[in-house]
Amino acid sequence: MRPNSAQQAAELALSRAHRPTMVAVTTERARREARASDRRPRRLSPLDGTPVVWKDLFDIAGVPTTAGSALLAGAPPAARDAALVRRLRDLGMVTIGKTNLSEFAFSGLGINGHFGTPVNPLDPARVPGGSSSGAAVAVATGIAPLAVGTDTSGSIRVPAAFTGTVGYRASHGRYGRNDFRALSPTLDCIGFVARSVRGIRLLDHLLAPPSDGAPAHRAVIPTGEWLDDCTPDIRSAFEDAVHRLQRTGITVTTRGVPALDQAQRLLDEHGTIVGAEAYATYGGLTGVEPATARRLRHNANVTAELVQRAMPQLRSSFRTDLAGAVLLCPTVRHGAPRIAELLASNTAYDAANASTLRTTMALSYLGACGVSLPVPGAGILVSAPEGKDATALATAQLFERELFPHEGVHRVTPRSARAELK
């Protein structure tokens, strides 16, 4: 039965909120905020009373911020909420707790050796994707209809694709200054996971300055490795989705996107900004997980200065290349890898991490905002140039309606007005 009050929704969320998806559950706070929501004579927003969970990079008053690391598990509790936590609290949303992640948010697989790996509900033998693994699993399993995370190289879009949820990477700074624990200050962005684009778009309207949200009816599929390197099942699922979009009147063109190709060449030749900044922050630590240590060592000599200098011009060129269209490609080029196979081989683990993030990392470097939509066994990624979030979200919602016109989505939000997050 669907909850009809904020308190019922909170209790349902709390009953489902367990490790390893969650690393902390804020039971008293959730109940207090839900009671306040039900007692208000006037709602603070359309999302008043809606449960929300937070990636454990955001400070929540009274709870340690661990960044998914055993090294920070005993950190002092945060003195106050992060800025975005306060903003959602002021909308009346109910904080349920903090979700698990890859250590320091530095992996696309979502495996966590200390807190445990969140279980992918589509296949428990496979990774949930990362780094926002707990965020995606929390939404997929009905703990909360909305999860807030971060996306640096694909950390929202990848787990959304692997768990059958919707993942949105916002443009850098769209919701103000980042005050979560950083991995890469240059590329870190806020991200949301939900069961549909509609709920994410509503929250974006409440948080971001008004902007033109007209959908693009043109899409560009980039030629080259972006589709050519996909496994047959991913390519088949993607092409089926594209054909369905074309039948509804969406114009889809396959052509080269020079800025994207040049960006990937630079990353291959000189290393990544993410790797350089992660090593600068965490490279001197001892006691990190072995896989994290390997990635840090790999980036010990990376400066990425040339990559950073080229970034503004490439971002401008990317906008020109798309000419008002959105970019359309598979979110990840293969399905979710099997956990046991990765843990049995460091080589397989590291190769899977690199291949999982290859598409989304290049798009992050170009500043792209984007939405990963679930298609059978895969994710289809709708990307737009930096700052074109309203277009990306509106287009993703249009594509979602065209791809899934008859599918209902499970809801756990109270009150009929909160059906926006369905």
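How do the residues of the lining of the largest pocket divide into nonpolar, polar and charged? Here are my notes; keep in mind that this is a predicted model.

1. **The largest pocket.** To answer that opening question: the lining has 9 nonpolar, 11 polar and 5 charged residues. The space inside comes to about 620 Å³. Of the 25 lining residues, Thr 272, His 298, Asn 353, Ala 354 and Met 361 are the closest to the centre of the pocket.

2. Have a look at helix 9 (258–270), helix 10 (273–282), helix 11 (290–298) and helix 14 (346–365): each of them supplies at least two residues of the lining. Helix 14 gives the most, with 6 residues.

3. Rolling a probe the size of a water molecule over the atoms shows where empty space is left. In this model there are 2 cavities of 30 Å³ or more. The second largest cavity has a volume of about 40 Å³. Its lining includes Arg 169, His 172, Arg 315 and Glu 386. By class, that lining splits into 2 nonpolar, 4 polar and 3 charged residues.

4. **Helix 3.** Which residues of helix 3 (residues 83–90) are buried? They are Leu 84, Val 85 and Leu 88. These residues sit on the same side of helix 3, because they cover an arc of only 105° around the axis. Among the elements covering them are helix 2 (27–39), strand 2 (51–55), strand 3 (94–99) and helix 6 (197–207). Helix 3 is followed by Gly 92, and the phi of Gly 92 is positive, near 90°.

5. **Tyr 168 with Phe 192.** The count of aromatic pairs comes to 5. In one of them, the ring centres of Tyr 168 and Phe 192 are 6.1 Å apart and the planes make an angle of 45°, so the pair is tilted. Tyr 168 belongs to strand 5 (residues 166–169) and Phe 192 to strand 6, so this pair ties together parts 24 residues apart in sequence. Tyr 168 has 0% relative accessibility and counts as buried; Phe 192 is buried too, also with a relative accessible area of 0%.

6. **Phe 192 again, now with Tyr 175.** These two form a tilted aromatic pair as well, at 5.5 Å centre to centre with 35° between the planes. Tyr 175 lies in the loop between strand 5 and strand 6, while Phe 192 is in strand 6, so the parts being tied together are 17 residues apart in sequence. Both Tyr 175 and Phe 192 are buried.

7. **An aromatic cluster.** Finally, find Trp 54, Phe 58 and Phe 180, which form one aromatic cluster.

Technical notes:
Residues numbered from 1 in each chain as written. Predicted model: local features only at pLDDT ≥ 70, side-chain atom pairs only at ≥ 80, totals over all residues. Heavy atoms only, no water. 1 Å grid on protein atoms, 1.4 Å probe; cavity = no way out; pocket = protein on both sides within 12 Å on 5 of 7 lines; lining within 4 Å. Points joined across faces, edges and corners; volume = space filled by probe spheres on them. Helix = DSSP H or I, 4+ residues; strand = E, 2+ residues; numbered from the N terminus. Nonpolar A, V, L, I, M, F, W, Y, C, P; charged D, E, K, R; others polar. Buried < 20%, exposed > 50% of the residue type's maximum accessible area, 1.4 Å probe, protein only. Arc of directions from axis to C-beta. Contact = heavy atoms within 4.5 Å. Phe/Tyr/Trp six-rings, centres within 6.5 Å; stacked < 30°, edge-to-face > 60°.
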